[in-house]
Structure formats: structure tokens, C-alpha cells
Amino acid sequence: MYAAEDDLARVVDGFRSLLDEGPEGYEPAVVAVEDRELYEELPQQWRCQYPGADPGERWVREIRVGLRADRPRMDEVREALTRVIRPDPEHASPCPVPWAAGYTTGRWDVSLKETRETGKPGR
């Protein structure tokens, strides 16, 4: 997501609240983005929404969630997490906080990389 600290905190808190309700173990982490090209459209989307505005302290952040679940459950959780970022799926585009979502399978430890904010493994 391309966001300032307050938006990031809101989303991470929302993710934790949602995931705490489920039976699965999970591991969240906010990590520095290595592949900037993968997310280059996010700052562009924000500039379209707010032409001429100063982006301030916004930067691209990747929120990773390690989740032990089968594929149908993972899809369900991913959809619910998406609603944390975008509570109103019918809003006019582009999103006020640009974001993208994806998933990988077979990996669990999402905290191996250091977070940009603390320099410590994410948790």
C-alpha cells in the first residue's frame, strides 16, 4: 500500500482484529519493499486522486500475513482483509489509499526481513 503512518496503523490494527477472530495461527509483518517496480503504480494512483498535493510521509509498504489455512479459507481471509483496506468496494476510483493484494503458498515466516520503521523483524 502507498500510505502514511496513520493509514498503515489503521490497516495493521484492522488486520490483527480480524485475524484474532479466526482459529488459524498467523504472523503479520510490515516490510520494506525491495521490488519497487512491482508497486510503482501505487504512488501514481495517489497522484491521480490528489493532483498537485504533497505526498508527505507516504511510502510503499508491504504488509505480509503468514497464515496456516487451506486454499478456500485463505481466499476467504484475503477477501476479509481486503475489506479492511477498502471498506466500500463501490467507492469511486482510484482508492484514497492505493493498494494491491496477492498471495504465495508454502511460506510461513514473514518476519525474516527487517521493517523499515524499527530495523527489527516485523511482528
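Which residues of the largest nonpolar core touch the most other members? In this model they are Met1 and Phe15, out of 16 residues in that core.

## About the model

This is a predicted model, in which local features need pLDDT of at least 70 and side-chain atom pairs count only at pLDDT 80 or more, while totals for chains, interfaces and linings use all residues. Residues are numbered from 1 along each chain as its sequence is written, and side-chain values use heavy atoms, with hydrogens and water left out.

## The nonpolar cores

A word on terms before we look inside. A nonpolar core is a set of buried Ala, Val, Leu, Ile, Met, Phe, Trp, Tyr and Cys residues joined through side-chain atoms within 4.5 Å. Buried means under 20% relative accessible area, exposed means over 50%, and partly exposed is in between (1.4 Å probe, protein chains only). Helices (H or I, at least four residues) and strands (E, at least two) are DSSP runs, numbered from the N terminus.

Back to the largest core, where Met1 and Phe15 touch the most other members. Two or more of its residues come from each of helix 1 (5-20) and helix 3 (71-85), and helix 1 gives the most, with five residues. Leaving aside residues up to four places away in sequence, Phe15 touches Ile63, Val65, Leu81, Val84 and Ile85; contact here means heavy atoms within 4.5 Å. There is also a second, separate core of six residues, and among them are Tyr2, Tyr39, Leu42 and Val60.

Strand 2 (residues 26-32) is mostly covered, with five of its seven residues buried. Seven bridges join strand 2 to strand 3, and these two run antiparallel. Along this pairing, Val30 stands opposite Ile63 in strand 3, and Ala32 has Arg61 in strand 3 as its bridge partner. Ile63 is also one of the residues that Phe15 touches.

Leu42, Pro43 and Trp46 are buried in helix 2 (residues 41-49). Viewed down the helix axis, the buried residues fall within an arc of 95°, so they line one face of helix 2; the arc is that of the directions from the helix axis to the C-beta atoms. Strand 1 (2-3) and strand 3 (59-67) are included in what covers these buried residues.

The whole structure holds two aromatic pairs. Rings of Phe, Tyr and Trp (its six-membered ring) pair if their centres lie within 6.5 Å; planes under 30 degrees apart count as stacked, over 60 as edge-to-face and the rest as tilted. Tyr2 and Trp46 make an edge-to-face pair, at 6.2 Å centre to centre and 70° between the planes. Tyr2 belongs to strand 1 and Trp46 to helix 2, so the pair ties together parts that are 44 residues apart in sequence. Both Tyr2 and Trp46 are buried. The rings of Trp46 and Tyr50 have centres 5.0 Å apart and planes at 40°, so this pair is tilted. Trp46 has a relative accessible area of 3%, whereas Tyr50 is partly exposed at 31%. Tyr2, Trp46 and Tyr50 form one aromatic cluster.

## Salt bridges

How many salt bridges does a search of the whole structure find? There are six, where a salt bridge is a side-chain nitrogen of Lys or Arg within 4 Å of a carboxyl oxygen of Asp or Glu. One of them joins the side chains of Glu5 and Arg61, at 2.5 Å from N to O. Glu5 lies in helix 1 and Arg61 in strand 3, so this pair ties together parts that are 56 residues apart in sequence. Glu5 is partly exposed at 40% relative accessible area, while Arg61 is buried at 1%.

Glu62, buried at 16% relative accessibility, forms a salt bridge with Arg64, the closest N and O atoms being 2.5 Å apart. Arg71 and Asp75 meet at 3.1 Å, N to O; both lie in helix 3, four residues apart, about one turn of the helix. Arg71 is partly exposed at 43%, and Asp75 is partly exposed at 31%. Finally, a network of salt bridges links Glu24, Arg73 and Glu76.

Key. Two strands pair if DSSP finds at least two bridges between them.
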